[in-house]
Amino acid sequence: MSGRIIDNPEEMETDISRVASSRRHGLSYVHKVGVPPKPNLLKEITETVKETFFHDDPLRNFKNQSKTKKLLLGIQAVFPILDWGTSYNFSKFKGDLIAGLTIATLCIPQDIGYAKLANLDPQYGLYSSFVPPLVYAFMGSSRDIAIGPVAVVSLLLGSMLQQELDPVKQKLEYQRLAFTATFFAGIIQFVLGFFRLGFLIDFLSHAAIVGFMGGAAITISLQQLKGLLGIKKFTKKTDIVSVMRSVFVAAHHGWNWQTIVIGLSFLAFLLVAKFIGKRNKKYFWVPAIAPLISVILSTLFVFIFHAEKHDVQIVRHINQGINPPSVKEIYFSGEYLTKGFRIGAIAGLVALTEAIAIGRTFAAMKDYNLDGNKEMVALGTMNIVGSMTSCYVATGSFSRSAVNYMAGCRTAVSNIVMSLVVLLTLELITPLFKYTPNAILASIIISAVIGLIDIKAMTLLYKIDKFDFIACMGAFLGVVFQSVEIGLLLAVAISFAKILLQVTRPRIAVLGKVPRTSVYRNIQQYPESTKVPGILIVRVDSAIYFSNSNYMRDRILRWLTDEEEILKETNQQKIQYLIVEMSPVTDIDTSGIHSLDALFKSLQKRNVELVLANPGTMVIEKLHASGFADMIGEEKIFLTVEDAVMTVAPKMEP
């Protein structure tokens, strides 16, 4: 315990003299702590619910409006396009057209590769970039987010689905389960948004997300070694040990040198293109069109030289035409219903977390508000509709959204443009992908996900908060060495562990007076601060609930015991008053009041008086309601620590 004790500090004597002088002249020096009127139970519950679910006051625009206007505002709330669409003009369309065409060149080759990650035929990736973006454009509130399949969700969905069904031997059932999972992912997302429960996804900390995404990027990249090296027999497991064992076992007879040359050559090309785009923002279009150029060139190479005859694996076939209906293929009963719900719930929450994070990032960059609950409703609706039109879980893509932003998108119309390009691709161009080598798809995926490994963010976490870094590494290592599901579970578990640790073990600081001021601060932060002789001042930096009340009492008593031992050894004045600074204590429950009561009784046995300083509205209200304020005496509750010290210091025995 740091801080210095001054037996007879001059400034203390001056302050005490000032207080005494004020009292002799009949002046009021100490302000009494205000007690709010007793709350109405119904009003208190209503305000709590409102602050929890409607903190942004979503109905404020409906106040004092006619019924017709309210109806119009309600429709615009569901379909924001009807709001901003009235001011849409040709200038905005030019930006959206360029952005839409640019992200379309990026999404088409990515979609084919991501579908393979989900163990689905290539056309399902394209389907998922046709219908969902159209739905989102009408219902979403983000101007910048680009919708479609993403690598992390594709891998997560594929790894969970193949635990239930074989994607090759049970292909039809596998596809049906994928649509079922997508349907329930949409339902979960919609329900969270409709009932304004979006705050639940905030329980997954930023540190855990950074680790999870980084681990998923490593896992996805390792999975692409099958296509990059031309390996035919490959493990279905995703952990690094199983994957690397599968790679090295196939080294003598399973690798194909032509495939390796194609894959590594274009991977180098894609990484150079990405480097150029990152170095100079004016060349953002270079990494955007590089994947499509790679697909075109590699497909021509395979076609001209018939590389498929030399065991270079190719796409071979993509169904032509727009999305076929799939409503009848969703499992609404049977054993796969619960499996579909479980898989969909996990994939849907991950997709939701990624989309909201991306949307908020770009909204902050352009300085506009993003309604998280509306976003969830929009994302949920598009996935519900998508599940009925042969799509799997779609969400916001960071790489595409970044390109969309840099290409100058103005509204969600860029998603419509991208969707129409995908439509033309499905109708006219898919046969041309027949000779596209799998190696190029692997290269595109690796170059796309490598940006998810955020070393800079991990380093910053280590510098700022070691527990956050542990959470990040736990999620990262869980994904890399076990599975995506285990990594996600670890991410959630560590995030909750951090919350529990902070709630159950709040910080309690000993305060001292900063020289030449009336301010009392933590003596560890301000070592020059002075302790007041005979008085121990502590501050509780948390609400006091059942989860931490016993710890709070025990920790304060331990501070008192330690301080008394030090004073006894140095023959200084013993502690006569314990002042608890309560300004950070936002609330207290019955367990907290019982602990204060126990603390009060323990102090009485030690001949130490309990004094409270600056309790907040909720706290003072409950202290009076419980009778605790009367027990210790209202004269022991002060507005500030300074008031408390100036009042009790003259009363202390020498």
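A salt bridge here is a side-chain nitrogen of Lys or Arg within 4 Å of a carboxyl oxygen of Asp or Glu. The model shown is predicted.

**View 1. A network of salt bridges.** Four residues take part: Glu164, Glu335, Lys339 and Arg342. Salt bridges link them into a network. By the rule above, the model holds 17 salt bridges. Side chains of opposite charge can pair when their charged atoms come close.

**View 2. Aspartate 144 pairs with lysine 366.** Their side chains form a salt bridge, with 2.7 Å from N to O. This pair joins distant parts of the chain, 222 residues apart. Aspartate 144 sits in the loop between helix H7 (131–139) and strand S2 (146–148). Lysine 366 belongs to helix H15 (residues 335–366). Aspartate 144 has 0% relative accessibility, so it counts as buried. Lysine 366 counts as partly exposed, because its relative accessibility is 28%.

**View 3. Aspartate 541 pairs with arginine 539.** The closest N and O atoms of this salt bridge are 2.6 Å apart. Aspartate 541 is partly exposed, with a relative accessible area of 30%. Arginine 539 is buried, at 18%. The cut-off for buried is under 20%.

**View 4. Aspartate 597 pairs with lysine 601.** Here the closest N and O atoms of the salt bridge lie 3.2 Å apart. Both residues are in helix H24 (residues 590–605). They are four residues apart, so about one helical turn separates them. Aspartate 597 counts as buried, at 16% relative accessibility. Lysine 601 is partly exposed, with a relative accessible area of 43%.

Conventions: Residues are numbered from 1 along each chain as its sequence is written. This is a predicted model: local features need pLDDT of at least 70, side-chain atom pairs count only at pLDDT 80 or more; totals for chains, interfaces and linings use all residues. Side-chain values use heavy atoms; hydrogens and water are left out. Helices (H or I, at least four residues) and strands (E, at least two) are DSSP runs, numbered from the N terminus. Buried means under 20% relative accessible area, exposed over 50%, partly exposed in between (1.4 Å probe, protein chains only).
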